[in-house]
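Q: I'm new to this one. Can you walk me through it?
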Amino acid sequence: MLYLNTDDLNRIGLHWKETVREIEKATECLHAGDFSQPVKPYVRFKDPANRIIAMPAFVGGSFSMAGIKWIASFPNNINQGIQRAHSVTVLNDASSGKPVSIINSGLISGIRTASVSGLVIQKFLQAQKKSHLTAGIIGFGPIGQLHLKMIAALFPEEIERVLIYDLRGVDTENINSSIRDRVTVCDHWKEVYGKSDIFMTCTVSKHRYIDRKPKDGALLLNVSLRDFTADIYEYTRQIAVDDWDEVCRENTDIEMLHKLKNLQKEGTFSIGDIVINGAFKHLSTAEAVMFNPMGMAVFDIAVGSYFYRMAAGLGAGIELKE
């Protein structure tokens, strides 16, 4: 069994085109029904803000891998200088059930998150044929930083500038040199939001605050899921999700829209609709479209499998004996 940690993942490197393609392949498995993904349980104890989530899944196709991600999210860790999220992913060969790898790294979860965003942006740009765009990122912790790296790698021609805001301030040392001359650190989220053609929430916000109209035709990637008030439904009814049953719970913005605005599953479209059915081609460009990803275990297993294969080829990691 191959053990991988953050150093091993960094040795393999971030190859965004490849990880986005893995997400696309896993989405094709979803569309074909070649997967299994129980709704993930949340384990809570003591402080209700904290949670540990079990994310089991099987993904077929060329992956043929099962497994589970066990991820802890403690939002208040940032007040103590500790990373908010910690995760361990276990991969099992689907033909035998044998565990083949343990990946002990929160980085892999962030790579999955940013790769899903990258795939959605890619499909959005292909459908809308847009260029000379402004991207905006609210929250510049590990997830926001990975989104910036992904943008720099995948969309150097289409995205002309990036606006960033973080309530705690932005350390410009975390802005990679390849895109630094196109990045502006803003003084308020409203400035980022109002000017962004592609807008990403990467916060750990406890309170919803985005209460105004977005830019016409914008893509809103609601990565952190708890930033928008119900007012967003007055400005766009073009709502996408990765999986309705997963995302319409746990006090997400989607659950709020379901309860307050009667949003139903039938009023949304899925990542499968985006990737397989070209849903973005049929949307109105007069209003924004909002994508809400709860995070799917199928994608974690797909990205974990990719790094397992890469590590095995490079001789990275530590081989553990039974």
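Predicted model: local features only at pLDDT ≥ 70, side-chain atom pairs only at ≥ 80, totals over all residues.

Q: How many bridges join β12 to β15?
A: 3 bridges, and the two strands run parallel. Two strands pair if DSSP finds at least two bridges between them. Strands (E, at least two residues) and helices (H or I, at least four) are DSSP runs, numbered from the N terminus.

Q: What is the order of the strands in the open sheet?
A: The open sheet has 8 strands with parallel pairing, in the order β10-β9-β8-β11-β12-β15-β13-β14. β10 (183-185) and β14 stand at the edges with a single partner strand each, so one side of each has no neighbour in the sheet. The twist averages 20 degrees from one strand to the next. Axes here are lines fitted to C-alpha atoms, for helices over the stretch in contact, and angles run from 0 to 180 degrees between N-to-C directions.

Q: Which strands does α3 lie across?
A: β8, β11 (198-201), β12 and β15. α3 runs at about 170 degrees to β12.

Q: Now the core. Which residues have the most contacts inside the largest nonpolar core?
A: V162 and I198, in a core of 105 residues. The largest share of this core, 10 residues, comes from α3. A nonpolar core is a set of buried Ala, Val, Leu, Ile, Met, Phe, Trp, Tyr and Cys residues joined through side-chain atoms within 4.5 Å. Buried means under 20% relative accessible area, exposed over 50%, partly exposed in between (1.4 Å probe, protein chains only).

Q: What is I198 in contact with, leaving aside its neighbours within four places in sequence?
A: Its partners include I121, L125, L219 and L221. Contact means heavy atoms within 4.5 Å.

Q: Switching to rings. How many aromatic pairs are there?
A: The count comes to 9 aromatic pairs. One is F124 with F280, edge-to-face, 5.5 Å centre to centre and 85 degrees between the planes. Rings of Phe, Tyr and Trp (its six-membered ring) pair if their centres lie within 6.5 Å; planes under 30 degrees apart count as stacked, over 60 as edge-to-face and the rest as tilted.

Q: Where do F124 and F280 sit in the chain?
A: F124 is in helix α3 (residues 107-128), and F280 is in the loop between α9 (271-275) and β15 (289-292), 156 residues apart. F124 counts as buried at 2% relative accessibility. F280 is also at 2% and counts as buried.

Q: Why is the pair of F269 and F280 edge-to-face?
A: Because the planes of F269 and F280 are at 90 degrees, with ring centres 6.4 Å apart. F269 is in strand β14 (residues 268-270), 11 residues from F280.

Q: Which residue has its charged end over the ring of Y233?
A: R237, 4.0 Å from the ring centre. K25 sits over the ring of F63 in that way, 5.1 Å from its centre. The rule needs NZ of Lys or CZ of Arg within 6 Å of the ring centre and within 35 degrees of the ring normal.

Q: Last one. Is K129 buried or exposed?
A: K129 is exposed, with a relative accessible area of 69%. Its place is in the loop between α3 and β8 (133-138). Phi of K129 is near 55 degrees, a positive value in a residue other than glycine.

Methods: Residues numbered from 1 in each chain as written. Heavy atoms only, no water.
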